[in-house]
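The structure is shown first.

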Amino acid sequence: MEKDIVVVLGIESSCDETAASVVINGRKVLSNVISSQIDVHTKFGGVVPEVASRKHIENISLVVEKALSDANMTIEDIDVVGVTYGPGLVGALLVGLQYAKGLAYSAHKTFIGVNHIEGHISANFIEYPELEPPFMCLVVSGGHTFIVYMKDYGEFEVIGQTRDDAAGEAFDKIARAIGLGYPGGPKVEKVSKEGNPDAIKFPRANFHDNSLDFSFSGLKSAVLGYLNTKKMKNENINEKDVAASFQKAVVDFLVDNTMKACKIKNVDRIAVAGGVASNSFLREKMMQEGKKLGIKVMVPRPILCTDNGAMIASAAYFEYKKGRTTSFDINAIPNLKLGER
Ligand code: KG4
Ligand code: ZN
């Protein structure tokens, strides 16, 4: 008989956050523990994969135990163990995956491998308990930039994607170029608040095939070119204006294409997901444009946008409801595609 209440333990270790969470029926979060490695990687100016793997090994048991105890549960109370198996850094993924397999196997729990990007999208089911597919989703993280039409749980149609850098990656690179350091996104956002977004007009990639794809490498080169020219001429650089103008260029591109995607698919709801969805300028611009066009815009709170175990638990729950479980011989897949199993 199908259970009314399904308790999922979600585990995430695909990049630089070791995270675990207990979620009921894919929507109600009982605990959400995130151990960030940001301080460790900051001195290297970015995530060092080998260091990330070692830190995950140090933290994984503590994080999972805390997630269970914060939820007032033991492993016996869990029905399903869900874990990210891709995409991400292979060494980092393996730590969470092997841990989750061991736990699920030894405690005789259902085991489900989750696609990290689908996890990000699922954060919206937690924030908006009434939300059901279909809807349009903009996924913007450090490694991925997608406009996806989510037709049903676990069913995705990619409408647009980046042809080079991800949006978060562009933020990180520009932050480094203007001397803000890692992690770039939040730092660019912070200095942008004091800058003029219209000070410098940076170009946007234009595709001639009506595609809703993105490209951020040209924008990145334009910013670097601007900085170099200024330096060569010994002119002052206003970092705040550069950051604000760059941020506006990225956000306008993301918002315009997502709104066009809604028009094409005749959809009136957009869910935003991924680390860059924490960006307040993006959130505001999306809301403003949505309002003008009669499109409802949903963005989870920042703690659900960054990498976390709750979104993985939520995605695992909806897989479980579809009757999909995962075999214990599954491997980590660093370049796992959206919708691929
Ligand atoms: O989803 P996420 O936590 O990890 C990945 O799956 O990649 O996203 C991390 C990315 C980083 O590139 C980071 O700079 C960016 O999200 N990010 C932001 C902000 N907060 C995080 N980008 C712009 N504005 C922010 N406030
Ligand atoms: Zn992520």
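Predicted model: local features only at pLDDT ≥ 70, side-chain atom pairs only at ≥ 80, totals over all residues.

His120 is part of helix α4. Apart from neighbours within four places in sequence, the contacts of His120 include Val139, Ser141, Cys305, Asp307 and Met311.

His116 also belongs to helix α4, which covers residues 116-127. His116 is buried too, with a relative accessible area of 5%. Among the residues in contact with His116, beyond its neighbours within four places in sequence, are Glu12, Thr84, Asp307 and Met311.

## The binding-site annotation

An unreviewed UniProt entry carries a "binding site" annotation for His116, His120 and Asp307. These residues are spread over 192 residues of sequence, yet they cluster in space, with a largest C-alpha distance of 8.7 Å. His116, His120 and Asp307 are part of the lining of the largest pocket.

## The largest pocket

The volume of the largest pocket is about 1,000 Å³. Its lining has 40 residues, and Asp16, Ser141, Gly142, Asp172 and Tyr182 lie nearest the centre. Helix α5 gives the largest share of this lining, six residues. By class, the lining has 15 nonpolar, 17 polar and eight charged residues.

The largest pocket lies between domain 1 (7-126 + 304-321) and domain 2 (133-302), because both give residues to its lining.

## The second largest pocket

The second largest pocket holds about 220 Å³ of space. It is lined by 16 residues, with Gly143, His144, Phe146, Gln161 and Lys337 closest to its centre. Strands β7 (145-152) and β8 (155-161) each give two or more residues to this lining.

Notes. Residues numbered from 1 in each chain as written. Chains lettered and ligands numbered in written order. Heavy atoms only, no water. UniProt positions renumbered as here; feature names shortened; annotations may be inferred. 1 Å grid on protein atoms, 1.4 Å probe; cavity = no way out; pocket = protein on both sides within 12 Å on 5 of 7 lines; lining within 4 Å. Helix = DSSP H or I, 4+ residues; strand = E, 2+ residues; numbered from the N terminus. Buried < 20%, exposed > 50% of the residue type's maximum accessible area, 1.4 Å probe, protein only. Contact = heavy atoms within 4.5 Å. Points joined across faces, edges and corners; volume = space filled by probe spheres on them. Nonpolar A, V, L, I, M, F, W, Y, C, P; charged D, E, K, R; others polar. Domains from an automatic or database assignment.
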